[in-house]
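Me: Can you take me through this one? I'd like the fold summary, then the surface.

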Amino acid sequence: MTTITLNRTALKALIDADPEFALQLKNNVIAEVGRRFFEKDAKRVIAAAEPELFAKALNSLQQEKDLTILVQKALDAAVTVKDRDWYARVRLSDEVQKLIVEAVERTKQRAIQDATMQVGNAYSEAIQKAVDAKLATTNVDELIEKRVNRLVEVEINKLAQEKFEQRMDDIRAMMK
């Protein structure tokens, strides 16, 4: 919004020098006030009437065959391209084809992501159920004790086997 500051003395001198200037100034001020008033009022009316206007425009478009044909031709021209070598053959325009490829790619990515999440959730749930079932039926301390005993037994057997083999090697060496 532009603000104009007027010098009252200079304005009075202009009006005194040219009475027609005063009339033009008054007309311009009144026109601007009226324009702003109607502009604000028109915006409010248009905003309120927009759905109704759209419905009427759509209805008239549906009833007007010539206009429908023009809209259809414009859409065809924007969406499809006819090859020069074969006039009856029609293909999608490059822009529309690109939009379709992008939409398909987004849909595929979303489907893959959803499937991955579902599989991951299913595995997580199955693993959690198995762990819970195992923990519910087994004493953890008992499991640890059995595991430690088994590892100790394996280690003792390994050491015993090494000692046995060493003794056997010593006996074989003495027999030679």
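What follows is a short exchange on the predicted model.

Me: What does the secondary structure of the protein chain come to?

Reply: The chain has 5 helices and 2 strands. From the N terminus on, the order is α-α-α-β-β-α-α.

Me: How much of it is buried?

Reply: Buried residues are 2% of the 176 residues. Of the contacts between residues at least 6 apart in sequence, 3% join residues at least 24 apart.

Me: And the accessible surface? What share belongs to carbon and sulfur atoms?

Reply: The accessible surface is about 16,500 Å², and 61% of that belongs to carbon and sulfur atoms.

Me: Which residues form a nonpolar patch on the surface?

Reply: The patch consists of V119, Y123, I127, V131, L135, V140, I144, V148, V152 and I156, with about 900 Å² of accessible area together. The elements giving two or more residues to it are α4 (94–137) and α5 (140–175).

Me: Take I127. Where is it, and why is it called exposed?

Reply: I127 sits in helix α4. I127 counts as exposed because its relative accessible area is 52%, and the cut-off is over 50%.

Me: Switching to charges. How many salt bridges?

Reply: The count is 3. E105 pairs with K108 at 3.6 Å, N to O; E142 pairs with K146 at 3.4 Å; and R172 pairs with D169 at 3.3 Å.

Me: How far apart in helix α5 are E142 and K146?

Reply: E142 and K146 are 4 residues apart, about one helical turn. R172 and D169 are also in α5, 3 residues apart.

Me: Are E142 and K146 buried, exposed or in between?

Reply: E142 is partly exposed at 40% relative accessibility, and K146 is partly exposed at 48%.

Note on methods
Residues numbered from 1 in each chain as written. Predicted model: local features only at pLDDT ≥ 70, side-chain atom pairs only at ≥ 80, totals over all residues. Heavy atoms only, no water. Patch = residues over 30% accessible without salt bridge, like charges linked within 9 Å, V, L, I, M, F, W, Y side chains within 5 Å. Areas by Shrake-Rupley, 256 points an atom, 1.4 Å probe, with all protein chains shown as cover. Salt bridge = Lys/Arg side-chain N within 4 Å of Asp/Glu carboxyl O. Buried < 20%, exposed > 50% of the residue type's maximum accessible area, 1.4 Å probe, protein only. Contact = heavy atoms within 4.5 Å.
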